[in-house]
Amino acid sequence: MTKKRTGVFVCHCGTNIAATVDVSRLAKEMANEETVAFSKDYVYMCSDPGQNSVIEAIKENNLDSVVVTCCSPNLHEKTFRDNATRAGISGFTCEIANIREQCAWVHKDRGEATAKAIKISRSAVRRVARNKSLEPIAVPVTRRVMVIGGGIAGIQSALDIANAGLEVILVEKLATIGGHMLQLSETFPTLDCSQCILSPKMVEVSRHPKIKLMTYSEVQEVTGAVGNFRVKVLQKPTYVDPEACKLCDECTVVCPVVVPNEHDLGLTSRRAIHIPFAQAIPASYTLDESACLGLNPIRCGKCKDVCEAGAINYDMLPKTVIEDVGAIVVATGFDLYPQEKILEYGAGNVEDVLDGLQFERLCSASGATKGHVLRPSDRKEPKDVVFIQCVGSRDPAQHCAYCSKICCMYTAKHARLYKHHVPDGRAYVFYIDIRSGGKGYEEFVQRAMEEDETIYLRGRVSKLYRKDGKVRVLGTDTLTGQNVEIDADMVVLALAMQPSKGTEEIAKVLKIGRDKDGFLAEAHPKLKPVESVTGGIYLCGAAQGPKDIPETVAQASAAAAKVIGLLSSDTLNHTPTVARVRRSHCTGCEMCVTACPYKAIRLENGKAVVNEVLCEGCGSCSATCLRAAIEVRNVTLLQVHEMIEACLNV
Amino acid sequence: MINIQDIRDTARDMLAKGEVRAVIGWRAGSRGMPAEPAVITAPEQADELVWDPTCYHNLALHLVEDRKFLAHARKTSGAPIAIVAKGCDARAVVVLMQENYFKREDVYIIGVSCEGSGVLAEWKLARHLNGAVPTAAAFAGDEFTFATAAGEKRVPARDVMADRCLECRSPFPKEHNVALGEDKTGRDLAAPFAALARFETRSEGERWEFWQRQFERCIRCFACRSVCPMCYCEECVVDSINIAVAPDTTAEEKANRIRWIERSATRSENITYHMTRAMHLAGRCVDCGECERVCPVNIPLRLLNNKMEREARERFGYEPGASIGGPSLVASFRDDDPGDFIR
Amino acid sequence: MSEQQAYEPKIVAFLCKWCSSAGSDLAGVSRIQYPANATPITVPCSGSVSPMYILSAFNKGADGVLVSGCHIGDCHYMEGNFLARRKIHLVKELLQFIGVEENRFRMSWVSAAEGAKYAEVVKEFVEDLRPLGPQEKLKAQRT
């Protein structure tokens, strides 16, 4: 083996490091290391002159590897690896020794800090002595994208990606796209009709030549890695041919089965054969198998009998479709926290106590009461309506610890809409705070209070119950110090937003993480809000956390931008610090195969073989193997062994 | 009670028909007893096979040796090989198959049940024979009989059986092609891991005292490793002397073997070796007891391996040698694995 | 000041790159001061920490060994810390069984947001190690 020639570059970082660590002594100590051919210190190694000096030193001294002792690798590992490449050596022969965040900044005693910095640096030097000159692995990519979830987030993302020229497959589990935004009446702060602003986008999706729409479908399995995913999608049978269906509605007239209508959140009913709402996309009816009497002319068959278009086909089968895509956008949205869990507010059993989406359906012209605000119990117009904010949110003891962000705004909206519908009615809002941070939001809330004369009471409601045909609400007004009792005709609860049903399953299928509240986890809370921790999979919308429509649309476009960037060339660079098998030691026991979180190892002819594209270099295989037959390049067992020795001054 | 003829007939038959190329079993030892492992390849040799309380060896070791021989000689195995396996040994074979060291169809298991008698621990025998030298041993229900110059001696099996047999819960070989003897499972004369529980009543200081004395005696002869069927690794990770060199081993690799421990048989190095071995056997050791039996300085190695086995069973619900198809202990996990020790 | 230096325990800390090392970085950014006894070795994942590393660290004279990774469910590599949890449990049990002081080996979950926790973990570890003195049981006696 030719003698290693490592260059050590000790950064002062101004006084950040130099004030506590004796940097010139550190440089001298490193010069004594057997494999070090060059060692110096400089005030700001990451500055232009600093970086240039590294490049010069590599060239002039024939260095084959570099250790920079400085700040955290999170900041400048890429910088110095790029310098190494520019100087003509592999970027992977450059390692960072963190003597700032993990040393100079956390210790006061100069002697102790310097001693520790010497250990850390020596450890890096010994490691780098065995680093191989690796080059990134080029991986060809599939320039197609899958968007999971057909609400506003999925729709926006799909349109942005398709408009950039990439093929998009939009998968939605319901029979129509549109999501919860479709159920809204008007949106804040403009009081735009929700359907009016959403429908054009829905139609654009259905007509877009680059978008393949798969509704009534669910993702079952995902294999592969960034640039090359293989997705198995189950397309459930609707039993209605969407090309043939004329939307004549004759079938619903004869269908004997009546079930609650999910689109109206149970406020109305529908038949087994139904269209979720009149302007559904795709424009077709759907036969709900679970409600239908039996898909069989002997059991019923009435809908098929009356269908002049001949669109109904009981013999439709579920289809499994396999799609190869290079990136996936997850936009699976939210659901409301179940009212049944709020025991103090009736646990869903008190009549005329609604959640926000149900109230939207009452307000909506296409909804349960044709746009009139009426009590579900007796269809009378409510004259006193109580709106309660923070139901289930901001409650770490019993429900959700977080704030659901949109409730203050939509409660103000609900109060305003109610007052517009019932001008002589009284609207009361029980609140803890008013969070109205968006553009025009604060003004909107003020108008609710002043123009629409909504009565805002700062306090909580301790309980509510049915009494004499009304809902008695017991609350408090902390600003006056008085208890408040209201006999309301209707109560609307601003329930917390939670990740939609199925989020846990889809996260497992995609192998992406979830945060402590079950929302999909972003890679970095500040700087990477739309990337998941798994390469090639992006997040947007309420699936990632509670948010309103403008933020959702922004995130959807952001995720689209990331996807477009990722797939902008035909190949991707995959980091080469992956696992390597020592065939002479491998006995084919498959423990590494089982341990690998990415299923990147398989057995071939009795020995383990690593798929370098799937391997992320985590090292689980290496720690599991009993016979040192597999290890991660540039973090080998021997390297760690020598780092341990360096840390103990052996 | 197993009729020895059944074992011999099965072996003879399979060899005659060419269904197996060899049978690993026991034959009478050179001094009559104890029995010794034998590998027979001709049908006539079947008459040499014996089955008695001195058949304590774990014959799975010889399966491993057979495979290594074939691998080094670059021969393919051809017909399967048969092994006479006790309940404990059969579990060792299962572990080897779980790790793909053998394909199931390459080994024909002639299971033999000790029917709860266990096998002999020779060191326990001395006090029962009053100085008489035994020349043969035989199973006799709940007793062992010994032929001596002073006539036949009968000794209750539970008084002289190996310690591990006292706690054994699976005397019947669950994995087998053919099984001889009764399925007397679940018999235990002592609570499982009883010796381990007793040991753990010692304080930290007392434990160290104990193990320090044990490992100071260790001479690193590696008999424990040599006799263990699970220690089939070509190169033992922790031992820098035993280095495997293959045609593709580079000069750099040869020069850069990791010396996890020094070669000297000092206490610290011995402990590190034994702890590494215990870790590597976690979930794989079936408590055949051979390591402890062969140790020339009588280190209670079973205690160390039992500790890992009990952790595997009680904390992780994992039983070594129970299933060929399942994942190994350290390559898998459960969502509810204990984690209270983590800050 | 006495002639002899007061005993300072030497700790080797295996920190996973994505969580614990980042948490340690955050402690630095926040300028939280803690004892200098622990020298960090950054590994890709707590799941990549082989039991050999731990035994070797003690064999080479570490007075304490720390392994720190992402919280369960948050592993950057999804399952690495689940595997670590099992193996480290076995190593810990074995060390205690042999009679090595319980306080010499510990494992923690430190997320990238838990700078203060990392400092606490090190502080506590050093305090717990001081009364135990230098580790002699597994340390190789070199002539």
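The area buried between chain B and chain C is about 4,000 Å². Buried area here is the accessible area, taken with a 1.4 Å probe, that two parts lose on being put together, summed over both. Carbon and sulfur atoms give 66% of the area between these chains. The model is predicted: local features need pLDDT of at least 70, side-chain atom pairs count only at pLDDT 80 or more, and totals for chains, interfaces and linings use all residues. Residues are numbered from 1 along each chain as its sequence is written, chains are lettered from A and ligands numbered from 1 in the order in which they are written, and side-chain values use heavy atoms, with hydrogens and water left out.

Contact (heavy atoms within 4.5 Å) links 44 residues of chain B with 42 residues of chain C. Three salt bridges are counted between the two chains. A salt bridge is a side-chain nitrogen of Lys or Arg within 4 Å of a carboxyl oxygen of Asp or Glu. One salt bridge joins the side chains of B:Asp337 and C:Arg86, at 2.9 Å from N to O.

On chain B, helix 7 (194-199), helix 8 (204-217), helix 11 (267-281) and helix 13 (301-316) each supply at least two residues of the side that touches chain C. Helices (H or I, at least four residues) and strands (E, at least two) are DSSP runs, numbered from the N terminus. Helix 11 of chain B gives the most to this side, with nine residues. By class, the side of chain B that touches chain C has 24 nonpolar, five polar and 15 charged residues. Nonpolar covers Ala, Val, Leu, Ile, Met, Phe, Trp, Tyr, Cys and Pro; charged covers Asp, Glu, Lys and Arg; the others, Gly among them, count as polar.

Helix 13 of chain B also holds B:Glu309. B:Glu309 is buried, with a relative accessible area of 6%. Buried means under 20% relative accessible area, exposed over 50%, and partly exposed in between (1.4 Å probe, protein chains only). Not counting residues up to four places away in sequence, B:Glu309 touches B:Phe193, B:Cys285, B:Asp287 and B:Pro320.

B:Asn177 sits in the loop between helix 6 (163-166) and strand 8 (178-180) of chain B. B:Asn177 is partly exposed, at 37% relative accessible area. A polar contact of 2.8 Å joins its side chain to that of B:Arg104. The side chain of B:Asn177 also reaches the backbone nitrogen of B:Ile109 at 2.9 Å.

In chain A, eight of the eight residues of helix 10 (residues 356-363) are buried, so this helix is largely enclosed by the rest of the structure. Its cover includes strand 21 (384-391) and helix 11 (407-421) of chain A. A:Asp355 caps the N-terminal end of helix 10 of chain A, with a side-chain oxygen 3.0 Å from the backbone nitrogen of A:Leu357.

The buried residues of helix 12 (residues 441-450) of chain A are A:Tyr441, A:Phe444, A:Val445 and A:Ala448. Seen down the axis of helix 12 of chain A, they fall within an arc of 95 degrees, so they line one face of the helix. The arc is that of the directions from the helix axis to the C-beta atoms.

Key: Polar contact = N/O pair within 3.5 Å; in protein donor to acceptor, adjacent residues only side chain to side chain.
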